[in-house]
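Welcome! Please take a look at the sequence and the structure shown here, and then read on for a short tour.

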Amino acid sequence: MANTPSAKKAARKIASRTATNKARRSRVRSYVRKVEEAITAGDLGVANEALKAAQPEIMRAVTKGIVHKNAASRKVSRLNARVKALSA
């Protein structure tokens, strides 16, 4: 356990940052889940709309340090490919 005042403050900051990051990560996963559900349902229109909503949210997670840039780009690319495959 933290003993010094600065260590106690650091522990508080870490706890609040963890809560914020968890919420952001959960938000991104919710958007991705909506896209994946639309893909499995085979609904092209809903999948396109969900992807348009998810893409900025995923990239926002990059700027906040939740997800690595390459991982986010890979996720968007793969979702886009799956949505595109629905129309074919």
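## Reading the numbers

A residue is called buried under 20% relative accessible area, exposed over 50%, and partly exposed in between (1.4 Å probe, protein chains only). This is a predicted model, in which local features need pLDDT of at least 70 and side-chain atom pairs count only at pLDDT 80 or more, while totals for chains, interfaces and linings use all residues. Residues are numbered from 1 along each chain as its sequence is written, and side-chain values use heavy atoms, with hydrogens and water left out.

## Overall layout

The chain has three helices and zero strands (DSSP runs of H or I with at least four residues for helices, and of E with at least two for strands, numbered from the N terminus). Its radius of gyration is 17 Å, well over the 12 Å that the globule rule gives for 88 residues, so the chain is more spread out than a compact globule. That radius is taken over C-alpha atoms, and the rule is 2.2 Å times the number of residues to the power 0.38.

Along its principal axes, the C-alpha trace spans about 60 × 20 × 15 Å. Buried residues account for 20% of the 88 residues.

## Salt bridges

Let's turn to charged pairs. A salt bridge here is a side-chain nitrogen of Lys or Arg within 4 Å of a carboxyl oxygen of Asp or Glu, and the count comes to three.

In one of them, R27 meets E57 at 2.8 Å, N to O. This pair links distant parts of the chain, with R27 in helix α1 and E57 in helix α2 (residues 44-63), 30 residues apart. E57 is buried, at 9% relative accessible area, whereas R27 is partly exposed at 43%. E57 also forms a salt bridge with R60, with the closest N and O atoms 2.8 Å apart. R60 and E57 are three residues apart in helix α2, so about one helical turn separates them. Through shared partners, salt bridges join R27, E57 and R60 into one network.

R82 and E36 also meet in a salt bridge, at 3.8 Å, N to O. Here R82 sits in helix α3 and E36 in helix α1, 46 residues apart. Both are partly exposed: R82 at 37% and E36 at 27%.

## A look at K84

K84 belongs to helix α3 (residues 69-87). Is this residue buried or exposed? At 62% relative accessibility, K84 counts as exposed. Its C-alpha atom is separated by 8.5 Å from that of L44, 40 residues apart along the chain.
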